[in-house]
Amino acid sequence: MNEAKAEALKGLAEGGIPIGSILVLNGEIIGRGHNQRVQKGSPILHGEMDCLMNAGRQTSYRDTVIYTTLSPCMMCSGTIVQFKIPRVVVGEAVNFPGSPEFLRSRGVVVDLLNDPELVRIMGDFIKARPELWNEDISEQAPFGHHVADPPPYGTRCESG
């Protein structure tokens, strides 16, 4: 979990959301990543997704364990289930409960640590940047509110 925490702190230092993840196969880290929604202007680049992208294609994930500093959201949980990752080690679920029951219902073992330092890091971030946190978990901003900085790779169409 220390390596996932290092990823989370890297993301925070870059101006992003402090959520980190690593993917381990037979005791070796094969992927690491952190939430980069802010840094890369991506709506889906959560820590787990960045970690899996950085791990590259695997013929099977059945012998892997994914570590994440915060309980996975439904999108990341769905990806874990899709790739048949059998075990998730969660750093904390105090600030965001995530989807552990969904994972367990699909046969995924979920180990919850509730590490006090990870709880503090995420809690401090949420207090300091509630608007960014709400965007990350898809809490709706008031009607007419748009993100100021569009993604660097394209333009957005505004409707309404």
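Is Arg32 buried, partly exposed or exposed? At 30% relative accessibility, Arg32 counts as partly exposed, a class that lies between buried (under 20% relative accessible area) and exposed (over 50%), computed with a 1.4 Å probe on protein chains only.

The model is predicted: local features need pLDDT of at least 70, side-chain atom pairs count only at pLDDT 80 or more, and totals for chains, interfaces and linings use all residues. Residues are numbered from 1 along each chain as its sequence is written, and side-chain values use heavy atoms, with hydrogens and water left out.

Select Glu3 together with Arg32. Their side chains form a salt bridge at 2.9 Å, N to O; the term denotes a side-chain nitrogen of Lys or Arg within 4 Å of a carboxyl oxygen of Asp or Glu. Because Glu3 lies in helix H1 (residues 2–13) and Arg32 in strand S2 (residues 28–34), the pair ties together parts that are 29 residues apart in sequence. Helices (H or I, at least four residues) and strands (E, at least two) are DSSP runs, numbered from the N terminus. Glu3 is partly exposed, at 36% relative accessibility.

Next, select Asp111 and Arg87, whose side chains meet in a salt bridge of 2.5 Å, N to O. This pair links strand S5 (residues 109–112), which holds Asp111, with strand S4 (residues 87–90), which holds Arg87, 24 residues apart. Asp111 is partly exposed at 24% relative accessibility, and Arg87 is partly exposed with a relative accessible area of 32%.

Finally, select Asp124 and Arg120, a salt bridge with its closest N and O atoms 3.2 Å apart. Both belong to helix H6 (residues 116–128), where four residues, about one helical turn, separate them.
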